[in-house]
Amino acid sequence: MFDDINDLYQQVILDHCKKPRNFHEMPQCSCSAQGFNPLCGDNLKLYLTVDGDVIKAASFVGSGCCICKASASLLTENVKGKTKAEAQQMFERVRDLVTNGKSEGDVGKLAVFAGVYKYPARVKCAILSWHALIGALKGEAAPVSTANEQT
């Protein structure tokens, strides 16, 4: 039994870090984006298959710290079946969550990142894959970076 919710959150993050979901290349994807966090050295590529306005599949590859990998893993699970607009809304909610510990609206399993705001250097790790999501959906060719993310 976990002593408190923080222990549970840490276990979820560690699980997604050690066994990331959807960790593979997707050669037949509709769009993709490279993401880089110069502060921590996190580097990933996010792949999306979009049909019309709906994200049908998501995967990622790369290397990074545990928070970065767990965030990317949870992102790939979260965005499947969502519209582009819903994915944009989720980006905003996750950004609020990791920068100030709370969010307007339901974030589901992503609530495990609620404590990240207490560690400003880790905010960029948690939000990197989400910036890559927005970059992929916008069709941006240049790699996205968390260098300018406010913490």
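The model is a predicted one, and every value below was computed from it. A search of the whole structure finds 1 disulfide, and a search of the whole structure for salt bridges finds 2.

**The disulfide**

- The disulfide joins cysteine 17 to cysteine 66, with the two sulfur atoms 2.4 Å apart, a separation that counts as a disulfide because the cut-off is within 2.5 Å.
- The pair links distant parts of the chain, since cysteine 17 lies in helix H1 (residues 5-18) and cysteine 66 in helix H2 (residues 66-79), 49 residues apart.
- The torsion about the S-S bond of cysteine 17 and cysteine 66 is about -135°, and the disulfide is therefore left-handed.
- Cysteine 17 is buried, with a relative accessible area of 13%, whereas cysteine 66, at 24% relative accessibility, counts as partly exposed.

- Cysteine 29 is in no disulfide, and the cysteine sulfur nearest to that of cysteine 29, which belongs to cysteine 31, is 6.6 Å away.
- With a relative accessible area of 22%, cysteine 29 is partly exposed.
- The closest cysteine sulfur to that of cysteine 125 is in cysteine 65, and at 3.6 Å it is too far for a bond.
- Cysteine 125 has a relative accessible area of 0% and is buried.

**Strand E1 and its partners**

- Strand E2 (residues 42-51) runs antiparallel to E1, and the two strands are joined by 7 bridges.
- Within this pairing, asparagine 37 stands opposite aspartate 42 in E2.
- E1 and E2 form a hairpin with 4 residues between them, and in the turn glycine 41 has a positive phi of about 90°.
- Strand E4 (residues 144-145) also pairs with E1, but here the strands run parallel and 2 bridges join them.

**Salt bridges**

- Aspartate 15 and lysine 19 meet through their side chains in a salt bridge, with an N to O distance of 3.2 Å.
- Aspartate 15 also forms a salt bridge with arginine 21, where the closest N and O atoms are 2.5 Å apart.
- Asp15, Lys19 and Arg21 are in this way linked in a network of salt bridges.
- In terms of accessibility, aspartate 15 counts as partly exposed at 25%, and arginine 21 is likewise partly exposed, with a relative accessible area of 24%.
- Lysine 19, by contrast, is exposed, with a relative accessible area of 53%, a value that falls in the exposed class because that class begins over 50%.

Key
Residues numbered from 1 in each chain as written. Predicted model: local features only at pLDDT ≥ 70, side-chain atom pairs only at ≥ 80, totals over all residues. Heavy atoms only, no water. Buried < 20%, exposed > 50% of the residue type's maximum accessible area, 1.4 Å probe, protein only. Pairing = 2+ DSSP bridges. Salt bridge = Lys/Arg side-chain N within 4 Å of Asp/Glu carboxyl O.
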